[in-house]
Amino acid sequence: MDKDTIGNIIKVYIREHRAAAAVYLAAVLLFYLVAGLYGYGDSMRHMSYALLLAAVLGLLTGTFHFVGYLRHLREIRDAGKKEGERREALPVPRTMAEQYYYDMVCGMEEERRAFLSEYDEKKKDRADYYTMWTHQIKTPIAALRLLLQEKGAGHSGRELEELFKIEQYAGMALHYARLDSMSGDLVLQSCDVWGIARQTVRQYSILFIGSGLSFSMEDCHLRAVTDEKWLSFVIGQILSNALKYTSRGQIRIYGEDKNGRPTGGEASWLVIEDTGIGIRESDLPRIFERGFTGYNGRLCQKSTGIGLYLCRQILDRLGHAIEVRSKMGEGTRVRLGFLQESQVTKM
């Protein structure tokens, strides 16, 4: 505790014990008054010595009591700062009032623990249901894909494109449900990020073909310690947004070095750039908030406000960076930043 805090505590301590001090002073005055009324002579002087000794003893006792009072306050303050179980950290109650407060805190702690336990159980049940539903919906989706393919490419291209979108939304629901338990699902290893990006682009090829947009992917070398499945989902979400909000022009994927310069060699950033409608400057600070759709979402009625939120949450857990730059009417540029394997080893 700093000096200002101790000064305030001393003031509070004096205020809390002013009744005892008032009683002591009243007793002193009473003794002097009685001695004066009966004219005890030297007894007044002797009484003054006794009262002086009592004052010194009272000061020492008060100082000792104040030190204990200060220690007691520190214990209560430290217990309040602890996470989780505070009951064990609380000091032993000294008074009946403190015992009542102690019992109240313990009761609230029990209620909190029961509430959190019930909440966690419901949350787990909900996540298990979403996971089960997503896995079950894959079966009719796969069957429908086979039926459409039997019709022939000329008749099922648009239908397959819409079916692919359904699969992506189902995948988003699964990743959203698993987000809180993501750490138990991670498989971190050295991965070819550029290869993961290529594979994800192939998965989205049906949407690229249907969009009629120009597409380019410039080779570079980019390896990092990451999880292939989760990173592929992030890249897929960014590509999905680029395709959703770009009606003409191109989508370009390339690498940048650590200084932000385009490179065909060693890269630190994966860049996905489009010439779509862009994002309002006022919306940019909030695009990673859950449920935020912004101007584009209200205009096009296509946004769920979940995609970029999931991307940020996943990349934060993987230790990667994401930056978004955009201008209305000119397009959007998304950069994914990765630590090199040598940098990860040094950490």
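Helices here are DSSP runs of H or I with at least four residues, strands are runs of E with at least two, and both are numbered from the N terminus. On that basis the chain has eleven helices and eight strands. This is a predicted model, in which local features need pLDDT of at least 70, side-chain atom pairs count only at pLDDT 80 or more, and totals for chains, interfaces and linings use all residues. Residues are numbered from 1 along each chain as its sequence is written, and side-chain values use heavy atoms, with hydrogens and water left out.

**Whole chain**

The chain has 347 residues, and 31% of them count as buried (under 20% relative accessible area, with a 1.4 Å probe and protein chains only). Contact means heavy atoms within 4.5 Å. Among contacts between residues at least 6 apart in sequence, 67% join residues at least 24 apart.

**Helix α4**

Helix α4 covers residues 96–151. Its expected span is 1.5 Å times one less than its number of residues. Buried residues in α4 are Cys-106, Glu-109, Ala-127, Thr-131, Thr-134, Ile-141 and Leu-148.

**Helix α8 against α10**

Helix α10 (residues 307–318) packs on α8 at about 150°, with the axes 10 Å apart. Axes are lines fitted to C-alpha atoms over the stretch in contact, and angles run from 0 to 180 degrees between N-to-C directions. The two helices are therefore roughly antiparallel (an angle over 145 degrees). The contact draws on both helices; Trp-230, Phe-233 and Ile-238 are among the α8 residues, and Leu-310, Cys-311 and Ile-314 are among those of α10. By class it has eleven nonpolar, three polar and no charged residues. Ala, Val, Leu, Ile, Met, Phe, Trp, Tyr, Cys and Pro count as nonpolar, Asp, Glu, Lys and Arg as charged, and the others, Gly among them, as polar.

| Residue | Location | Relative accessibility |
|---|---|---|
| Leu-239 | helix α8 (residues 228–244) | 0% |
| Asp-257 | loop between β4 (250–256) and β5 (262–263) | 14% |

Neighbours within four places in sequence are left aside for both residues. Leu-239 is in contact with Thr-200, Val-201, Phe-208, Ile-253 and Ile-272. Phe-208 is 31 residues from Leu-239 along the chain, and their C-alpha atoms are separated by 9.6 Å. Asp-257 is in contact with Thr-263, Glu-266, Ala-267, Ser-268 and Trp-269.

Terms used
Buried means under 20% relative accessible area, exposed over 50%, partly exposed in between (1.4 Å probe, protein chains only). Angles under 35 degrees count as roughly parallel, over 145 as roughly antiparallel, 65 to 115 as roughly perpendicular and the rest as oblique.
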